[in-house]
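Here is a walk through one model, feature by feature. Have the structure open as you read.

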Amino acid sequence: MSVKYDCAKCPGYCCSYPRIVVTNKDVKRLAQHFDVSEKEAAKRFTRVYRFDSEDEHIEERILKHSPDKVYKSVCSFLDQGKRRCTIYSARPTVCREYPDGKTCGYYSFLKFERKQQGDKDFIPSA
Ligand code: SF4
Ligand code: SF4
């Protein structure tokens with residue numbers, strides 16, 4: 001499938017999503033990649049997000065974040081200089097599937113803004 005976005009020209013907005021969910025299978029893949037136990041991988045690279053309200057109960061395992069200069073924070077696996085995933089072959093399923101189509105909404109926005117500003121490196125605040 002030919003796609004209409006170019007991650008090489010993007011600072012990795014999708015990697016700034018606060019809740020990047022990891023499944024047990026993803027933890028296993030990370031453990032194999034770093035040659036550590038699944039328990040150790042879960043502890044080092046993930047945390048549990050919980051949210052409770054009257055209508056909603058969320059409990060999910062997500063990737064840890066680090067502070068970032070471009071966005072407020074990004075996945076700790078993002079190389080903040082090169083803006084590339086450092087664990088590409090071991091990245092979670094949700095990262096493999098995104099943006100799940102021919103287009104990426106953020107990339108379309110980025111392309112539009114760069115054209116408007118006449119600056120190919122412009123990064124709009126998302
Ligand atoms: S936000 Fe879109 S264009 Fe940018 S890295 Fe993610 S998928 Fe690629
Ligand atoms: S694992 Fe890689 S692709 Fe997924 S959010 Fe982190 S840096 Fe981005």
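## The end of helix α4

Let's start where α4 stops: the residue that follows the helix is Gly118, and its phi is positive, near 65 degrees. Helices and strands here are DSSP runs numbered from the N terminus, with helices being H or I of at least four residues and strands being E of at least two. This is a predicted model, so local features need pLDDT of at least 70 and side-chain atom pairs count only at pLDDT 80 or more, while totals for chains, interfaces and linings use all residues. Residues are numbered from 1 along each chain as its sequence is written, with chains lettered from A and ligands numbered from 1 in the order in which they are written.

How far apart are the end C-alpha atoms of α4, residues 105-117? They are 18 Å apart, which agrees with the 18 Å that 13 residues should span at 1.5 Å a residue; the expected span is 1.5 Å times one less than the number of residues. Gln116 belongs to this helix and counts as exposed because it has 10 C-beta neighbours inside 10 Å. The cut-offs: buried is 20 or more other C-beta atoms within 10 Å of the residue's own, exposed is 12 or fewer, and partly exposed is in between, with C-beta atoms placed from the backbone. From Gln116 to Arg91, 25 residues apart along the chain, the C-alpha separation is 34 Å.

## Two ligand shells

Arg91 turns up again in the shell of ligand 2, along with Cys15, Ile20, Leu63, Cys75, Phe77, Leu78, Cys85, Ile87, Pro92 and Cys95. A residue is near a molecule if its C-beta atom, placed from the backbone, lies within 6 Å of it. By class this shell has 10 nonpolar, no polar and 1 charged residues. Nonpolar covers Ala, Val, Leu, Ile, Met, Phe, Trp, Tyr, Cys and Pro; charged covers Asp, Glu, Lys and Arg; the others, Gly among them, are polar.

Around ligand 1 sit Tyr5, Cys7, Cys10, Gly12, Tyr13, Cys14, Tyr98, Pro99, Cys104, Tyr106 and Tyr107. That shell comes out as 10 nonpolar, 1 polar and no charged residues.

The largest nonpolar core has 16 residues, and Cys15, Val27, Ala41, Leu63, Cys75 and Leu78 touch the most other members. Elements giving it two or more residues are α1 (24-34), α2 (38-45) and β4 (73-75), and α2 gives the most, with 3. A core here is a set of buried Ala, Val, Leu, Ile, Met, Phe, Trp, Tyr and Cys residues joined through C-beta atoms within 7 Å.

Leaving out residues up to four places away in sequence, Leu63 touches Ile20, Val22, Phe45, Thr46, Cys75, Ser76 and Phe77, contact being C-beta atoms, placed from the backbone, within 7 Å. In the strand pairing, Thr46 stands opposite Leu63 of β2. Pairing takes at least two DSSP bridges.

Where is the cis peptide bond? Between Tyr98 and Pro99, with omega about 0 degrees. Asp100 has a positive phi of about 60 degrees although it is not a glycine, and counts as exposed with 9 C-beta neighbours inside 10 Å.

Arg83 also has a positive phi, near 60 degrees. This residue lies in the loop between β5 (78-79) and β6 (84-85) and, with 18 C-beta neighbours inside 10 Å, counts as partly exposed.

Definitions and conventions: Two residues are in contact if their C-beta atoms, placed from the backbone, lie within 7 Å.
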